[in-house]
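Biologist: I have a model open and would like to learn how to read it. Could you walk me through it?

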Amino acid sequence: MGKPIVLQLGDDIRWNHELHSKFQEHFEIRRSYSMPRPEFIQALKEKRFGDFFAIYRPFWNTGGEMGNWNEELISLLPDSCKVYASAGAGFDWVDTTTLAKKGVVYCNAAAACTESVADAALWLIISTFRLFSWSAMAARSLDPNQFVEANRNLAPVSLNPKGHTLGIIGFGQIGRRTAEKAFLALNMKILYHDIVQMPRQLEEVSQATYHKNMDTLLADSDCVLVATPFSGETLLNASLLAKMKPGSRLVNIARGKLLDESALLEALKKGHLSAAGLDVHYDEPNVNKELGKMRNVEIMSHNAGASLDSHIGFERLGMENIISFLQNGKAITPVNQHLVAKASSSKL
């Protein structure tokens, strides 16, 4: 018997060469590089990559040319495939339920970019209180009149975050790390909403208070941070935005489609919300033109997790997930393990 096969998508390994040497001791690496989707489908149909044990995608911005991982691709995976380890925190581009039915554990790499995303979240939170976007836009205009206007008029409408309440929707690794930073560095009060309440030891670091009902969190928060995975549906629509505290702020570092941007725009225009910070957008790479021009809206180009540290971690964690699964039958950062177990039990 030869080594188990790993199908690597995208570019070459760039940083973790010592770990990759160890990886090659365990596995035979076969490459698809960056195939167009039709060619990739044909290669799977022809079993050109063999009966591979795992799929490894070390970089979020390469190897994605085959598009979304849906039934069309997943149905063509060999029964030998047991784990798919990919860079990136979000997994809205992959049907983890269908993968589970196929018996494949999907592993993301949120742990590798947690620090970077939390830093970016903190920047957006601060900016929505201090309206740094207004100041930056005025300075970059190179127009002395705009500079003077911001210099003279920003102070009366900006606030320090200290003592204000941050409500976090999604208290996973990124949500918790942001809470810690906001609590320790900014002295903010932390509330959170999630499907289940976290163990007390995870709440204690930021003295976070659990809200089972998202409505109460929205009503009690001076700033709401969206840090939850995209499940296929809009999370915050017009009716929910209306339940937010008047004059509060909204920050989204998760996925653009979680937020109804038209409703956000209306809430900002009416003054119900005082500011917003967006790393992600509904129709990326297209940014809402009206939101982009508003001086009380801080916007980024989906860069919250984009640091060299994150990329090195993505590359490493993917290999570690696959090695762990081979040796122990358990991945380090599984997303759909519960669905795989459910699918397996239903077949018995």
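Biologist: Which residues have the most contacts inside the largest nonpolar core?

Modeller: Keep in mind that this is a predicted model. The general idea is that in soluble globular proteins, nonpolar side chains tend to be buried together. Here the largest nonpolar core has 33 residues, and those with the most contacts inside it are Leu166, Ile168, Phe171, Met188, Ile190, Leu225 and Ile253.

Biologist: Which elements give two or more residues to this core?

Modeller: They are the helices α5 (110-130), α8 (173-186) and α14, along with the strands β6 (165-169), β7 (189-193) and β9 (223-226). With 9 residues, α5 gives the most.

Biologist: What does isoleucine 168 touch?

Modeller: Leaving aside residues up to four places away in sequence, its contacts include Ile190, Tyr192, Leu217 and Leu225. Leu217 itself belongs to a second, separate core of 27 residues, which also includes Leu236, Leu250 and Ala254.

Biologist: Now the sheet, please. In what order do the 5 strands come?

Modeller: Strands of a sheet pair through backbone hydrogen bonds, either parallel or antiparallel. In this open sheet the pairing is parallel, and the order is β2-β1-β3-β4-β5. Strands β2 (28-33) and β5 (105-107) stand at the edges with a single partner each, so one side of each has no neighbour in the sheet. From one strand to the next, the twist averages 20°.

Biologist: How many bridges join β1 to β3?

Modeller: There are 3, between β1 (residues 5-9) and β3 (residues 54-57). Valine 6 stands opposite alanine 54 in β3.

Biologist: And which helix packs on the sheet?

Modeller: That is α14 (residues 308-328), touching β1, β3, β4 (83-86) and β5. The direction of α14 makes about 170° with that of β3.

Technical notes:
Residues numbered from 1 in each chain as written. Predicted model: local features only at pLDDT ≥ 70, side-chain atom pairs only at ≥ 80, totals over all residues. Heavy atoms only, no water. Pairing = 2+ DSSP bridges. Helix = DSSP H or I, 4+ residues; strand = E, 2+ residues; numbered from the N terminus. Axes fitted to C-alpha atoms, helices over the stretch in contact; angles between N-to-C directions. Contact = heavy atoms within 4.5 Å. Core = buried A, V, L, I, M, F, W, Y, C linked by side-chain atoms within 4.5 Å. Buried < 20%, exposed > 50% of the residue type's maximum accessible area, 1.4 Å probe, protein only.
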